[in-house]
Amino acid sequence: MVAIKAPSSIDHANPLTKSPKAAAAAAAAIPTVDLSSPGAARAVADACRGVGFFRATNHGIPSSLAAALEARAMAFFALPHEDKVDATIAAAARRPFGYGSRSIGSNGDVGWLEYLLLSLGSNSNSSSIPGASSLPPSLRAALEEYTGAVRNASGKVLELMAEGLGMQERCALRRMVDGSEEELVRVNHYPPTKEEDCVAGMTGFGEHTDPQIISLLRSNRTAGLQIKLQGPDAPWVNVAPDPDSLFVNVGDCLQVLTNGRFRSVKHRVVAPEGAQASRLSVIYFGGPAPAQRIAPLPELMREGEQSLYRDFTWGEYKAAAYKTRLGDNRLGPYELRNVADTNPTALITASKEPTAADHCCSNSSSSSAACVVVQPPHVAQVH
Ligand SMILES: O=C(O)CCC(=O)C(=O)O
C-alpha cells in the first residue's frame, strides 16, 4: 500500500477533539435520533438542518447481519490482492464498481484504504446484487442480507425526513430512491498505518460530501470518521464509532431538494494508527434515477422564496461529479447564491411544521510503502 502524508487539513490538534472534555463536546454536537421514538420525524429534520448528520438508533438492522458482513468482509480483505481482483471481476465490468485499493475514482484521488463498491441494481424487492456473482458466496450472502435491511432503514429515514419537513406525501423522498438503479454499497477497509508507512494522521478517505440523496454508514469499533460542522469556520469533530448505530448523512441532492434547509455534510476519514485495529465501514448510498430532476420541491417553498440552485438531473450531476476530485465543491456550479451566506435560522423558521403525513409507502415494512504527499484535501469522484 502506498503511504500518504496527511494533508494539513487533517489536524489532530483540533481543539474539539484533543481532551476528553473536548471530545465529549464534539460528541454532543452529533445528534442521536431513536428512529422508533414518537418524536423521530422532528428530531431527524432538526439534525439534518443543523448538522446534516446524525446517529440513528433502533434502525431495525439486526446486529447479527452487520456482524456477519463485517466478519466476511474482513476475511475478503485478508485475501491476496490477485484473489480480490478475481473475485470482483463481475462487478468490475462496470466501472467504477469492483475492488479498489488506494485510488479513489479516476482523477488522482488516493486514500489509505481498499474497498469494494457495488451497485445494488434496480429491483429494491430483490436481494440479489448484480455485480456480486463472482464474490465468495458467504460474503455475497452477507452483503445481500445486509443491503436488504439497510435499504429498509434508508426508506424509513427518508419517510421521517419527509414527515419532518411537513411534506404531504410521506414517501415522496423514499420513492426517488427505491428502485432508482442508483443505490450503491461500499465496504471500506482501512488497515492501521505503521511508522515505516510514513507519518501518523494519514488520509484514509479525503474530505467530501456525498452527492446522492442519503447515505447510511455502519462501522466497526475503530475510530477515524470526522465530520465538519456547518459554517465556514466550524470545526471538524470526531465521530465516536458505534457498531450498533447507523450514521446518516444528508447528500448534495437532498440539500438541493430542500432548497438548503437540509445541509449535506463534509466528512473524511483518518487512517488508524499503529496499535489500532483496521477500520471497516459499510456505506449505503441512495441516489435518484438518472432522469430525476433535482430542484427544490415546490411544496417546501414559501411564497416568494427563490431557488438557491439551477436545476439539474441526477444523471447530469453524476457525470459532472465524475470529472471532479473529491474535495471539490460539486454543487458550486449550480448555486444561484451561496448557501453558506443564507441565514440558517431563517431557513429553519421557513420550514413548514410537520403535518399528518400520509402513509403511501407500501413497501416500507419492509507494504512496500513509498511516501506520496497528497495535495490538499482532495479525494474522489462520485461513488
Ligand atoms: O469509511 C468511512 O467511514 C467513510 C467513507 C466515506 O465517506 C465514503 O466512502 O464515501
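How many nonpolar, polar and charged residues does the shell around the ligand have? By class, there are 5 nonpolar, 5 polar and 2 charged residues. The model is predicted.

**Overall make-up**

The protein chain contains 10 helices and 16 strands. It has 383 residues, and buried residues make up 50% of them.

**The ligand shell**

There are 12 residues around the ligand. Asn 188, Phe 205, Leu 225, Val 269 and Ser 281 come nearest.

**The loop between strands 12 and 13**

Pro 272 sits in the loop between strand 12 and strand 13. Is Pro 272 buried or exposed? Pro 272 is buried, because 20 other C-beta atoms lie within 10 Å, and 20 or more is the cut-off for that class. Leaving out residues up to four places away in sequence, Pro 272 touches Tyr 190, Pro 192, Thr 193, Thr 222, Gly 224, Ala 277, Ser 278 and Arg 279. Gly 204 is 68 residues from Pro 272 along the chain, yet their C-alpha atoms are separated by 8.1 Å.

**The nonpolar core**

The largest nonpolar core has 93 residues. Val 44, Leu 118, Val 157, Met 161 and Val 248 have the most contacts inside it. Helix 6 (residues 137–165) gives the largest share of this core, 13 residues.

Not counting residues up to four places away, Val 157 touches Leu 35, Val 44, Ala 56, Ile 214 and Val 248.

**Helix 2**

Val 44 belongs to the buried part of helix 2. This helix spans residues 40–50 and is mostly covered, with 8 of its 11 residues buried. Gly 52 follows helix 2 and has a positive phi, near 80°.

In which sense do strand 4 and strand 5 pair? Strand 4 (residues 98–104) and strand 5 (residues 109–119) are antiparallel, paired over 6 bridges. Ser 101 stands opposite Glu 114 in strand 5. The two strands form a hairpin with 4 residues between them. Gly 105, in the turn, has a positive phi of about 75°.

Methods
Residues are numbered from 1 along each chain as its sequence is written. This is a predicted model: local features need pLDDT of at least 70, side-chain atom pairs count only at pLDDT 80 or more; totals for chains, interfaces and linings use all residues. A residue is buried if 20 or more other C-beta atoms lie within 10 Å of its own, exposed if 12 or fewer, and partly exposed in between; C-beta atoms are placed from the backbone. A residue is near a molecule or strand if its C-beta atom, placed from the backbone, lies within 6 Å of it. Ala, Val, Leu, Ile, Met, Phe, Trp, Tyr, Cys and Pro count as nonpolar, Asp, Glu, Lys and Arg as charged, and the others, Gly among them, as polar. A nonpolar core is a set of buried Ala, Val, Leu, Ile, Met, Phe, Trp, Tyr and Cys residues joined through C-beta atoms within 7 Å. Two residues are in contact if their C-beta atoms, placed from the backbone, lie within 7 Å. Two strands pair if DSSP finds at least two bridges between them.
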